[in-house]
Amino acid sequence: MKLYEEGPIKDFVLGIFDGPHSTPKESDSGPIFLGIKNVRDGSLDLSDIRHVSERDFPKWTKRVTPQPDDIVFSYEATLHRYAIIPEGFKGCLGRRIALIRPNPQKVEHKYLLYYFLSHKWRKVVEGSVISGATVDRIPLIRFPDFPVSLPPLNIQQKIAAILSNYGDLIENNLRRIEFLDQSARLLYEEWFVRLRFPEHERVRVKDGIPDGWKRATAFDVMEVHSGGTPRTGTPEYWDGNIPFYTPKDAHKYAYVLETQKTLTDAGLSKCNSKLYPKNTVFITARGTVGNVNLAQSSMAMNQSCYALKGKGRVSQFFLFCAIRNSIEQFHQRAVGAVFDAIIVDTFKSIPFLLPGDETIRSLRTNGLPGIPSNRKLVGPKPKTQTSPRPVVAQAHEWGNHSVIRSCTHDHRHQ
C-alpha cells in the first residue's frame, strides 16, 4: 500500500481563489468581510469583525462564496495564517485573503489544515515568498503548483480525528487561560488604577496618590534594552537552540514558550541582542506597536522589539501588567512616517505610578492570577499559543509516520 501520494496542491483541491483587492463600504450589519485579523493559526477569530451590506454582498462574492470546510489563508503581509470555514458562516473574502476548496474525494479538510500548519509546508511556502518594499507575499500564481505529500484519504481521516481530540483538550485549556488572564487584568486595575489595594482605607491620599507611592515615568522604573538580527543568509547562525523573539511571535497570552526562528550560539554572538532571561517583558516597537509578552525561557530578540526589566522592587509580573495597561499611551506617542514605532524616548514620556513597598510585597504574596498559571495550563512547549491547531500539527514532525503505520495496520486487518 502506497503511504504517500505526492503532487502539486492543485491536484487535491477543487479550486484556489483570490479575494478582492479593495475594501467595501463599511456597514453596521450584514455578512462578514473576512480580514487577516480574523484568521488565526487554525481557526477564525470573529471577536472583531467588519461587515458588508446585504446589497453589496453579491458584488464581493463574484469570485467565490466561502462555504463550510473551505480553508482560508493569508497570502500577503502577515503570512502563515490558515483556518477552516465553519458551518453557518456567511461572509466574503477580505483583502490579502485567499481560499482553498479541498476535493473531499482526495483530501480530508482537517488533515489539510494541519498539513498547512506544519513546518514542512511552511518551508515550501517560505521558499517562494516574495519580499517587497513594505510586506512579504506568497505568489498566488505559483501557489497551485506548490508540492504536497499526503497519505491515503482513509488514513488522513483517522489522523485528523486523533489530532482534533488533542485540539479540543487544548481549546479547553486556552479558555481557562483566558479566564485567568482576565482575572489578572481585573486585579491590576482594582489595585493600581482604582487604587483599591488591600487596606487602602487606612492609607492617606496626598496630591491624588496614596502615601508612599511615587509618580515617575516608565523609563525611571525599568531598563529598556534593544535587539538585533544576525545575517539571514548565513546558515550557521540559524536553527539552533536559542529562541529568537520577533513581532511574529507576539500573541494575546502572557507567555511566549517558543518562537518561529531560533539562533545558534554563533548567531547570537553576531547580533546586537543579548540573551534575555526568563520573565523578561518583550514589547513590539515597530509596525504593530504594543504587543506585550513574557519570555518563558531565555530568549534573544530582533530590532523591532524592546526587552524590559524592572528596576529595584519592580517585579516582572507587575511590570508586564503595568505595560499592558499603558498600551494606549504607547500608541498615542508612536512616531514614524511610514509605519508606527516607539523609541527609547517614548518610555520617558509614559507616566508610571510606582506603588509603595507594602503594596509591592502584598502583590508578591497574593500573586497575579493567570500569570504563573499560564505556563502550567498551556503545557511544556507548543510551537505557538494563538491556537491549538499548530500544536497538534506537529504530528507531521513527530508522530505522523507512526500514526500512519498504525492506521495502515488497522486498515489491513479490517
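The structure holds 21 aromatic pairs, where rings of Phe, Tyr and Trp (its six-membered ring) pair if their centres lie within 6.5 Å, and planes under 30 degrees apart count as stacked, over 60 as edge-to-face and the rest as tilted. One of them joins Tyr 188 and Phe 192: the ring centres are 5.1 Å apart and the planes stand at 40 degrees, so this pair is tilted. The model is predicted: local features need pLDDT of at least 70 and side-chain atom pairs count only at pLDDT 80 or more, while totals for chains, interfaces and linings use all residues. Residues are numbered from 1 along each chain as its sequence is written, and side-chain values use heavy atoms, with hydrogens and water left out.

Both Tyr 188 and Phe 192 belong to helix α4, 4 residues apart, about one turn of the helix. Here helices (H or I, at least four residues) and strands (E, at least two) are DSSP runs, numbered from the N terminus. Tyr 188 and Phe 192 are both buried; buried means under 20% relative accessible area, exposed over 50%, and partly exposed in between (1.4 Å probe, protein chains only).

Tyr 188 also forms a tilted pair with Phe 318, at 5.9 Å centre to centre and with 45 degrees between the planes. This pair links distant parts of the chain, since Tyr 188 lies in helix α4 and Phe 318 in helix α7 (residues 316-325), 130 residues apart. Phe 318 is buried, as is Tyr 188. Elsewhere, ring pairs link Phe 73, Tyr 82, Tyr 115, Phe 116, Trp 121, Phe 143 and Phe 146 into a cluster.

Helix α4 itself may now be considered. It comprises 41 residues (residues 153-193), which at 1.5 Å a residue should span 60 Å, and its end C-alpha atoms are 56 Å apart, which agrees. The expected span is 1.5 Å times one less than the number of residues. Just after α4, Leu 195 takes a positive phi of about 65 degrees.

Helix α4 also contains Ile 162. This residue counts as partly exposed because its relative accessibility is 38%. Ile 162, Tyr 166 and Leu 169 form a nonpolar patch on the surface, with about 310 Å² of accessible area together.

The cysteines complete the picture. Cys 92 counts as buried because its relative accessibility is 0%, and Cys 305 counts as buried because its value is 1%. With a disulfide defined as a pair of cysteine sulfur atoms within 2.5 Å, the count comes to 0 disulfides.

Conventions
Patches are made of residues with over 30% relative accessible area and no salt bridge: like charges are joined within 9 Å, nonpolar side chains (Val, Leu, Ile, Met, Phe, Trp, Tyr) within 5 Å. Accessible areas come from the Shrake-Rupley method with a 1.4 Å probe; for residues, only the protein chains shown count as cover. A salt bridge is a side-chain nitrogen of Lys or Arg within 4 Å of a carboxyl oxygen of Asp or Glu.
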